[in-house]
Amino acid sequence: MKAKSLISWRLWIYSLIKRVLPETKCFYLKRILLRWAGATIGQNVRICSSADFIGSGELVIQHNTWVGHRVMICSSSSIVIGADVDIAPEVYIGTGTHMPQFDGVKAAGMGQSLDVSIGDGVWLCVRSTICPGISVPRGSIVAAGAVVINKMTESGLVAGVPAEYKRRFKHG
């Protein structure tokens, strides 16, 4: 299922309305408004009012997912978040980055957008960061404060900066 691109002015209107809604209530209204803004939002997705959605990329959030306080999701390409995902407060998920330029005037070279996907049942703990181009496999845990910059090849617990496997999981 391909998601629609977020429509900037509709997303801006969503951001104005959500500010006056209770933090952990009115989930149905937030889902309706994000769908109207062009996102694909599953059933029973619960989004805190302080969560921010920025950019014009594609956004998919599947069923029964929690998006916590002050989460920031920035999409210039595609972000797909699976079902039954828990996203703790102050998590950052982004698709935009730059190619480093080591011999120029400016270190941040040409910009690029790399898709992000979060598998079903993942737990993104408080203040973790999912960098552009990352896929977090089903059932994984990204520990508090972890910065995922390298591809995760199998389900597991990752922690640290940069995030490294602390334990690998076998799912049946």
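## The nonpolar core

The largest nonpolar core holds 37 residues, and those with the most contacts inside it are Phe53, Ile81, Ile87, Ile93, Ile118, Leu124 and Ile130. Such a core is a set of buried Ala, Val, Leu, Ile, Met, Phe, Trp, Tyr and Cys residues joined through side-chain atoms within 4.5 Å; buried means under 20% relative accessible area, exposed over 50%, and partly exposed in between, with a 1.4 Å probe and protein chains only. Two or more core residues come from each of α1 (8-18), α2 (27-36), β4 (58-61), β7 (78-81) and β12 (116-118).

Setting aside neighbours within four places in sequence, Leu124 is in contact with Asp86, Ile87, Ala88, Val91, Ile93, Ile118, Ile130 and Val142, where contact means heavy atoms within 4.5 Å.

## The chain as a whole

This is a predicted model, in which local features need pLDDT of at least 70 and side-chain atom pairs count only at pLDDT 80 or more, while totals for chains, interfaces and linings use all residues. Residues are numbered from 1 along each chain as its sequence is written, and side-chain values use heavy atoms, leaving out hydrogens and water.

The chain has 2 helices and 19 strands, taken as DSSP runs numbered from the N terminus (helices H or I, at least four residues; strands E, at least two). Of its 172 residues, 45% count as buried. The C-alpha atoms fill a box of roughly 45 × 45 × 30 Å along the principal axes.
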